[in-house]
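Subject: Structure for your review

Dear colleague,

Please find below the structure that I am handing over to you.

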Amino acid sequence: MSLALLFPGQGSQFVGMGKELAEAFPVARDTFAEADELLGAGLADLCWSGPEAELTQTRNAQPAILTHSVAVLRVVNELLGDVSMAAGHSLGEFSAHVAAGTLSFGDALAAVRLRGELMFAAGEQREGTMAAILGLDDAEVEGACAKASEGGRTCVPANLNSSGQVVISGDVEGVRAAMKFANEAGARRSVELNVSGAFHSPLMAPAEEGLRARLEALEFADPDFPVIANVTSAAVTSGAEARELLIRQLTSPVRWAPSVAAMVARGVERFVELGPGSVLCGLNRRNARGVPCVSVGQPEDLEKLESA
């Protein structure tokens, strides 16, 4: 059966993430130790013991999620067999490229730590926010964003997560105006998110410049299997293209639902989500109805994977 790997993005972190896995499997413990050595910081202790407020900071959450995802990957690698393709939600696209051999774990870890710092700095430079819009289709949300962007405001669709679930991003005035227009258009709910910036919007342009400088200094190999890019929802098969799309991703929407649809269209018959939480398998109930999806992040999840 054709298998695709899914890797979660920021927001999936939680205190205790990876602790049981590291206690049960030496390779997972070694992965967290490697991250500590590479970053020169106590990432493992932060993941396992918190405090939550510090773990949630963008500069910490991103390397934490990447490390947990790679630790799980190394634990289950022999169980997976042949992998046909992979995708990751925002930050998770770096994890997908580690799985595909495009980037080394060390290079990806340093890149996402910088990515988190740059994104936070861009949010301080120009205040922004994000909001989840539930119950409208993509076109209706795009219309609300376009209307809200009049008069010099900025608001764009940022995460096309599933049918009826779109996250918008921009300056505070623009996002709140779009929420009002979305509610008037019949949205079931509009919820402003607790974030440190307007991710995946034009307000992240300063972060894009800094990330480009770092990624252009790293070696990108051609991936061992295609990685579906957030920016295009198309398969990436070259290292050069992977680098460019990871840079562009900061200011572009995460086309997640179209990415999953592309994988199903290419013949994927089952999904495995690797890392903290189970958000992506949850979204697959709409994005890939009828296609099995298993989330693996804790030792007890291995039984589900083996039976699948």
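A residue is called buried when its relative accessible area is under 20%, exposed when it is over 50%, and partly exposed in between. Arg-74, with a relative accessible area of 32%, is therefore partly exposed. Please keep in mind that this is a predicted model.

Salt bridges

Side chains of opposite charge can pair when their charged atoms come close. The count here comes to nine salt bridges. In one of them, Arg-74 is paired with Glu-34, and the closest N and O atoms are 3.0 Å apart. This pair links distant parts of the chain, since Glu-34 belongs to helix α2 (residues 26–39) and Arg-74 to helix α5 (residues 58–80), 40 residues apart. Glu-34 is partly exposed, at 27% relative accessibility.

Helix α5 also holds Arg-59, which is linked to Glu-117 in helix α7 (residues 105–125), 58 residues apart. The closest N and O atoms of the salt bridge between Glu-117 and Arg-59 are 3.1 Å apart. Glu-117 is partly exposed, with a relative accessible area of 32%, and Arg-59 is partly exposed at 32% relative accessibility.

A further salt bridge joins Glu-173 and Arg-153 (3.9 Å, N to O). Glu-173 lies in helix α9, whereas Arg-153 lies in the loop between α8 (138–148) and β4. Glu-173 counts as exposed at 54% relative accessibility, while Arg-153 counts as partly exposed at 23%.

Strands

Strand β4 (residues 155–162) is mostly covered, with seven of its eight residues buried. Strand β5 (residues 165–171) runs antiparallel to β4, and six bridges join the two. Leu-160 has Val-166 in β5 as its bridge partner. The two strands form a hairpin with two residues between them, and Gly-164 in the turn has a positive phi of about 85°.

Elsewhere, six strands form an open sheet with mixed pairing, in the order β8-β7-β2-β1-β9-β10. Its edge strands, β8 (235–236) and β10 (293–296), each pair on one side only. Two bridges hold β7 (residues 227–228) and β8 in an antiparallel pairing, with Ile-228 opposite Ala-235 in β8.

Charged patches

On the surface, Glu-20, Glu-23, Glu-300, Glu-303 and Glu-306 gather in a patch of negative charge. Helices α1 (19–24) and α14 (301–307) each give two or more residues to this negative patch. A patch of positive charge on the surface is made of Arg-188, Arg-189, Arg-286 and Arg-289. Arg-188 is exposed, with a relative accessible area of 60%.

Yours sincerely

Terms used
Residues are numbered from 1 along each chain as its sequence is written. This is a predicted model: local features need pLDDT of at least 70, side-chain atom pairs count only at pLDDT 80 or more; totals for chains, interfaces and linings use all residues. Side-chain values use heavy atoms; hydrogens and water are left out. Two strands pair if DSSP finds at least two bridges between them. Helices (H or I, at least four residues) and strands (E, at least two) are DSSP runs, numbered from the N terminus. Patches are made of residues with over 30% relative accessible area and no salt bridge: like charges are joined within 9 Å, nonpolar side chains (Val, Leu, Ile, Met, Phe, Trp, Tyr) within 5 Å. Accessible areas come from the Shrake-Rupley method with a 1.4 Å probe; for residues, only the protein chains shown count as cover. A salt bridge is a side-chain nitrogen of Lys or Arg within 4 Å of a carboxyl oxygen of Asp or Glu. Lys and Arg count as positive and Asp and Glu as negative; His and the chain ends are not counted. The place of a charge is taken as NZ of Lys, CZ of Arg, CG of Asp or CD of Glu. Buried means under 20% relative accessible area, exposed over 50%, partly exposed in between (1.4 Å probe, protein chains only).
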